[in-house]
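User: I would like to learn how to read the main features of a protein model. Please take me through them one at a time.

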Amino acid sequence: MARLSPTQKYALAVGIVAIAVIAFLIVNGTFSFGEHNPGDDIIPQEEEFAADDDEDDGEAPAPAVAGRQPMHRAFQFGDLRVIVTGLTVTDLVGQEGAESEAIERFAMVHLSVRNTGTSPRTLDGTLGLVDATGRSFTPNRLATENADIAHPDHVDALVQVLQPGIITQLVVVFDVPHDAYGLRLRIEGGYVDVELELEQ
């Protein structure tokens, strides 16, 4: 039998090791001869978040946004998942003993907000209203407080501290003139305008 040169011995040793490794992988099920894409075992980040969010409240994760948004559609604003759920125009808010009467009329906006972050948050100082002509309005604090009293299922958006992981129903009230139209709720700090639709 012919003697092997050092190079041939090295090649034989490498071949034996390679065969042993492949046999080990086949036995453990981590290697197959079929097609396999490297990404097949990786859950895309969006699907992973969707699964986590579905466990919490049955809703898909909301996209982070800037600019105009429609009502009744969730969007992510920093650590807050926000849905504007309603707009009511009235000349009186509250209940007997805790009422506010509008100079002309009130625009009462309802929101559903979930703090998806790890620290408490507040919307005080971030909410405003604009109309189609570019006029801007600030919240009426007393009317908002009275609306909170009259709607026990909604709390004052200007004072409520939003705790992590909790969904909170909020209300905020603005004084607007009779000729205001095309109202949009503006959330400052990331510049999001939600186009409001009047409830019939």
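User: Which residues of the largest nonpolar core touch the most other members?

Analyst: This is a predicted model, in which local features need pLDDT of at least 70, side-chain atom pairs count only at pLDDT 80 or more, and totals for chains, interfaces and linings use all residues. Residues are numbered from 1 along each chain as its sequence is written, and side-chain values use heavy atoms, with hydrogens and water left out. A nonpolar core is a set of buried Ala, Val, Leu, Ile, Met, Phe, Trp, Tyr and Cys residues joined through side-chain atoms within 4.5 Å; buried means under 20% relative accessible area, exposed over 50%, and partly exposed in between (1.4 Å probe, protein chains only). Here the largest core has 29 residues, and Val-109, Leu-111, Leu-185 and Leu-196 touch the most other members. At least two residues each come from several strands, including strand 3 (80-95) and strand 4 (98-115); strands (E, at least two residues) and helices (H or I, at least four) are DSSP runs numbered from the N terminus. A second, separate core of 8 residues includes Val-93, Phe-106, Met-108 and Val-171.

User: In what order do the 5 strands of the open sheet lie?

Analyst: Two strands pair if DSSP finds at least two bridges between them. The order is 1-10-9-5-6, with mixed pairing. Strand 1 (67-70) and strand 6 (136-137) are the edge strands, each pairing on one side only. Strand 5 (residues 127-130) runs antiparallel to strand 6 and is joined to it by 2 bridges; Val-130 stands opposite Ser-136.

User: How many salt bridges are there?

Analyst: Side chains of opposite charge can pair when their charged atoms come close. The rule requires a side-chain nitrogen of Lys or Arg within 4 Å of a carboxyl oxygen of Asp or Glu, and the count comes to 7. Asp-193 forms salt bridges with Arg-184 at 3.0 Å and with Arg-186 at 2.8 Å. Arg-184 and Asp-193 are buried, and Arg-186 is buried as well.

User: Where is confidence lowest, and where is it highest?

Analyst: pLDDT is the predictor's confidence in each residue, from 0 to 100. Where it is low, the predicted coordinates should not be read in detail. The chain averages 80, and 70% of the residues score at least 70. Helix 2 (residues 45-57) is lowest, at a mean of 36, and strand 8 (residues 167-176) is highest, at 97. Over residues 30-58 pLDDT stays under 50.

Note on methods: Contact = heavy atoms within 4.5 Å.
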